[in-house]
Amino acid sequence: MINDTIPAARIDVAPEEACPISPVVGIVFSRWTTPILWVLNEYGRHRFVELERRIATITPKVLTERLRQLERDGLVVRTYHPEVPPRVEYEISELGRSLAPLFASLAGWSINLGKVEQARLDYDARGPVRDRRT
């Protein structure tokens, strides 16, 4: 006899319904978002070139794309100064600043990175996984 309380077929659930933090992770933890927000939160307002220097491994194209997305998401404020030559500055918004406790919590969790590395070494030492179903 089939239990009527258990669905017979799998029901697809949107990620944000299955895990309510999924949309937050998508916004906040994309590849370059955290370094940009960290710099702006820690060091204040920056011009594009200053950001580029602080985050040395980011390309200008990617920095431009991420800043536009962060501005669109309301996490960064872009200020254009109509001078000669024109000057543009970026700073973290109040909404972006509201992420500081989250970042502080994650920074605190970073004490576990040694344990993660040890777990990886232990896993790798066991050799290849033979049965992917377990």
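Visitor: Is H46 buried or exposed?
Guide: This is a predicted model: local features need pLDDT of at least 70, side-chain atom pairs count only at pLDDT 80 or more, and totals for chains, interfaces and linings use all residues. Residues are numbered from 1 along each chain as its sequence is written, and side-chain values use heavy atoms, leaving out hydrogens and water. Buried means under 20% relative accessible area, exposed over 50%, and partly exposed in between (1.4 Å probe, protein chains only). H46 has a relative accessibility of 4%, so it counts as buried.

Visitor: Which side chain makes a polar contact with that of H46?
Guide: A polar contact is a pair of N or O atoms within 3.5 Å; within protein, one must be able to donate a hydrogen and the other to accept it, and residues adjacent in sequence count only if both atoms are side-chain atoms. H46 touches several residues beyond four places away in sequence, including V39, L40 and V88; contact means heavy atoms within 4.5 Å. At 2.9 Å, the polar partner of the H46 side chain is R54.

Visitor: In which strand is H46 found, and with which strand does strand 1 pair?
Guide: Strands (E, at least two residues) and helices (H or I, at least four) are DSSP runs, numbered from the N terminus. H46 is found in strand 1, residues 46-47. Two strands pair if DSSP finds at least two bridges between them. Strand 1 has 2 bridges, in the antiparallel sense, with strand 3.

Visitor: Which residue of strand 3 stands opposite R47?
Guide: Strand 2 also pairs with strand 3, antiparallel over 6 bridges. There, R78 stands opposite Y90, while T79 has E89 as its bridge partner. The residue opposite R47 is E89.

Visitor: How exposed is P86, in relative accessible area?
Guide: A hairpin joins strand 2 to strand 3 through 5 residues. P86 lies in that loop, between strand 2 (76-81) and strand 3 (87-92). Beyond four places in sequence, P86 is in contact with R47, Y80 and H81. P86 is partly exposed, because its relative accessible area is 48%.

Visitor: Over what arc do the buried residues of helix 3 lie?
Guide: In helix 3 (residues 33-43), T33, I36, L37, V39 and L40 are buried. They sit on the same side of helix 3, because the arc they cover around the axis is only 160 degrees. The arc is that of the directions from the helix axis to the C-beta atoms. The value is 160 degrees.

Visitor: How far apart are the end C-alpha atoms of helix 8?
Guide: The expected span of a helix is 1.5 Å times one less than its number of residues. Helix 8 (residues 113-125) has 13 residues, so it should span 18 Å. The model agrees, with the end C-alpha atoms apart by 18 Å.
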